[in-house]
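Open the model in your viewer and keep the sequence panel beside it.

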Amino acid sequence: MTTTSPLTAYQDDRGNRIEYDGPVLESVTVTFTGQNNRMTVASPAKFGRLKVDFNCDDGVFECGPHTEGPAFSGGLRLGQDSQILIGANVTCTSGVTISATEGTTVRIGDDVMFACSNQVRADDGHP
């Protein structure tokens, strides 16, 4: 079963949840395929087009507040028991792809700016 939500507070019967207390952001698409996944976004949030895919179970995405600089946009993939942790004021000049699968963690610190068409991967795309 797959469910999709914009960035807004959300919880379903499979234990998936979005913890966010800001306005609904339709530019963000969150897809849950598994269960017990958690997305936590601090306010204020500033996103361009962002797609977050929880492909398995027990994934965690955390994003710090965004008060300055361009919006963050791109695509995030979280696999089984994986984490993507993004600090405060992380920006990009075009969409960035971040992928964490099979129990891995990608951690981006505060005040990081990505240039054009970057990929940050903790996997090679194969199980």
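**Whole chain first**

Colour by secondary structure: this predicted model has 14 strands and 0 helices. The radius of gyration is 13 Å, close to the 14 Å that the globule rule gives for 127 residues, so the protein is as compact as a globular protein of that length. Switch to the C-alpha trace. Along its principal axes it spans about 35 × 35 × 20 Å.

**The open sheet**

Which strands form the open sheet, and in what order? Select six: β2-β3-β5-β7-β9-β12, in that order. The pairing is mixed. Now go to the edges. They are β2, residues 10-11, and β12, residues 105-108. Each of these edge strands pairs on one side only.

**One pair inside it**

Select residues 60-63 for β7 and 83-86 for β9. Parallel or antiparallel? The two strands pair in the parallel sense, over 4 bridges. Show glutamate 62: opposite it, in β9, stands leucine 85.

**Surface and charge**

Bring back the whole protein and colour by burial. Buried residues make up 42% of the 127. Next, select the charged side chains: 9 are positive and 16 are negative. The centres of the two sets lie 4 Å apart.

**Last stop: contacts**

Draw the contacts between residues at least 6 apart in sequence. Of these, 20% join residues at least 24 apart.

Conventions. Residues are numbered from 1 along each chain as its sequence is written. This is a predicted model: local features need pLDDT of at least 70, side-chain atom pairs count only at pLDDT 80 or more; totals for chains, interfaces and linings use all residues. Side-chain values use heavy atoms; hydrogens and water are left out. Two strands pair if DSSP finds at least two bridges between them. The radius of gyration is taken over C-alpha atoms; the globule rule is 2.2 Å times the number of residues to the power 0.38. Buried means under 20% relative accessible area, exposed over 50%, partly exposed in between (1.4 Å probe, protein chains only). Contact means heavy atoms within 4.5 Å. Lys and Arg count as positive and Asp and Glu as negative; His and the chain ends are not counted. The place of a charge is taken as NZ of Lys, CZ of Arg, CG of Asp or CD of Glu.
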